[in-house]
Amino acid sequence: MTDIMTRRQTETAAETPDDGIILGPNQYGKAEVRVVKVTRDGDRHSIEDLNVTSQLRGDFEAAHLDGDNGHVVATDTQKNTVFSFARDGIGSPEAFLLRLSDHFTSSFDWVEGGRWLAESYAWDRIQVDGEGHDHSFVRSGQETRTAVVVAEGAERHIIAGLKGLTVLKTTQSGFVGFPKDRYTSLKETTDRILATDVSARWRYAQDADARDLDFNEIYADVKRILLEEFTRQYSAALQATLFDMGRAVLAAHPEIAEIRFSMPNKHHFVVDLEPYGLDNPNEVFFASDRSYGLIEAAVTREGQAEVASAWEAVSSFC
Ligand SMILES: O=c1[nH]c(=O)c2[nH]c(=O)[nH]c2[nH]1
């Protein structure tokens, strides 16, 4: 450690040993800035609750090779910027991240892009005597909303999403017709529980109007469609249900270019109650937490160009 520090402090880039070792892709910033914005409209308050990550990409070679921090916008500064921007309101996670991306890429010449991520947590008003309270809230227990903005020069990729949307249906799901080999023990069924935690991310088409979309309204509608489509028809497999959910979202929202899913198949096994002298007509299940099937896919439009760099900002499918 001491040797490395001494070398970095004394060598210039020109003196860096020509050993063929170079710096690869890099990004840095502040992860998980927890910002809560209270908007005070008289006595009636509202809150926005975000977990924001800011990461810059650009010319940061000297910082890595020479210990020269002349280009390093401190991660502390990035955190402070998040809080300061929240002072003017958040609006939607996507709009907030777009503002941050525009700020960093326009304020520092060497910042060529970056990625900004947010999770946002929903709060409901506490109901008192049938009325939503002015300033007291209860965390709503459903999914976590997610957003990502990837900047590459002037381009912006906007990916919205959700995770942890746990859904279950007690019938209208089956799994038959799969190949059988010597290792197959699974019985075919046309009546099983189907349960999953939906993770989905959808990328907005990159046209000039993308910035003006009502991201909150679209979010609510996509969630509605996902839930309705999960239950709308018989599920021949989680794969088929995933595709139906994606297709319905794309059909209803031309502004969305593609949607990706990661969905565990949360198996519910019928318990054999015969040893206890009982029948079990699909009523008592063992909810297994592992292992689980993991079904992942993108649903996209024919002819749609792949935008791999946008998806690199998020791991795997989601
Ligand atoms: O919906 C399902 N898809 C599968 O690929 C699969 N595999 C399995 O064992 N059960 C199921 N269920």
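# Chatting through the fold

Me: Hi! Which residue in β5 does Q127 stand opposite?

Reply: Q127 stands opposite G132 in β5. Keep in mind that this is a predicted model.

Me: Noted. How many bridges hold β4 and β5 together, and in what sense do the strands pair?

Reply: There are five bridges between β4 (residues 123–128) and β5 (residues 131–139), and the pairing is antiparallel. The two strands make a hairpin with two residues between them.

Me: What is the phi of D129 in that hairpin?

Reply: D129 has a positive phi near 50°, although this residue is not a glycine.

Me: Buried or exposed, that D129?

Reply: Exposed: its relative accessible area is 78%, and over 50% counts as exposed. D129 sits in the loop between β4 and β5.

Me: Let's step back. How many helices and strands are in the protein chain?

Reply: Seven helices and twelve strands. The C-alpha trace spans about 80 × 60 × 45 Å along its principal axes.

Me: And how much of the chain is buried?

Reply: 38% of the 318 residues are buried.

Me: What share of the contacts comes from residues 24 or more positions apart?

Reply: 67%, taken over the contacts in the protein chain with a separation of 6 or more.

Me: Tell me about the core. How many residues are in the largest nonpolar one?

Reply: It has 53 residues, and those with the most contacts inside it are V52, F96, L100, V198, W202 and F261. Helix α5 (residues 215–232) gives the most to this core, with seven residues. In soluble globular proteins, nonpolar side chains tend to be buried together.

Me: What does V52 touch?

Reply: Leaving out residues up to four places away in sequence, V52 touches K30, A31, E32, V33, V35, V82, F96, L97, L100, L117 and A118. Two of these, F96 and L100, are also among the core residues with the most contacts. There is a second, separate core of nine residues too, including V148, I159, V307 and V314.

Me: Changing topic: which residues surround the ligand?

Reply: F175, L186, R192, A237, L238, Q239 and N265.

Me: Which atoms of R192 and L238 come up against ligand oxygen?

Reply: For R192, an N or O atom in the side chain is 2.8 Å from an oxygen atom of the ligand. L238 uses its backbone instead, with an N or O atom lying 2.7 Å from an oxygen atom of the ligand. N265 faces nitrogen: an N or O atom in its side chain is 3.2 Å from a nitrogen atom of the ligand. The protein covers 72% of the 290 Å² of accessible area that the ligand has on its own.

Me: I'm curious about H157. Is it buried or exposed?

Reply: H157 is in strand β7 and counts as buried because its relative accessibility is 2%, with the cut-off being under 20%.

Me: Which side chain makes a polar contact with the H157 side chain?

Reply: That of E152, at 2.9 Å. Apart from residues up to four places away in sequence, H157 touches V148, V149, V150, E152, Q206, V307, S309 and A310.

Me: And P179, where is that?

Reply: P179 lies in the loop between β7 (155–169) and β8 (194–204). This proline is exposed, with a relative accessible area of 72%.

Me: Last one: which residues does a cis peptide bond join?

Reply: R290 and S291, with omega about -10°. S291 is in the loop between β11 (285–287) and β12 (293–300).

Notes:
Residues are numbered from 1 along each chain as its sequence is written. This is a predicted model: local features need pLDDT of at least 70, side-chain atom pairs count only at pLDDT 80 or more; totals for chains, interfaces and linings use all residues. Side-chain values use heavy atoms; hydrogens and water are left out. A nonpolar core is a set of buried Ala, Val, Leu, Ile, Met, Phe, Trp, Tyr and Cys residues joined through side-chain atoms within 4.5 Å. Buried means under 20% relative accessible area, exposed over 50%, partly exposed in between (1.4 Å probe, protein chains only). Helices (H or I, at least four residues) and strands (E, at least two) are DSSP runs, numbered from the N terminus. Contact means heavy atoms within 4.5 Å. A residue is near a molecule or strand if one of its heavy atoms lies within 4 Å of it. A polar contact is a pair of N or O atoms within 3.5 Å; within protein, one must be able to donate a hydrogen and the other to accept it, and residues adjacent in sequence count only if both atoms are side-chain atoms. Accessible areas come from the Shrake-Rupley method with a 1.4 Å probe; for residues, only the protein chains shown count as cover. Two strands pair if DSSP finds at least two bridges between them.
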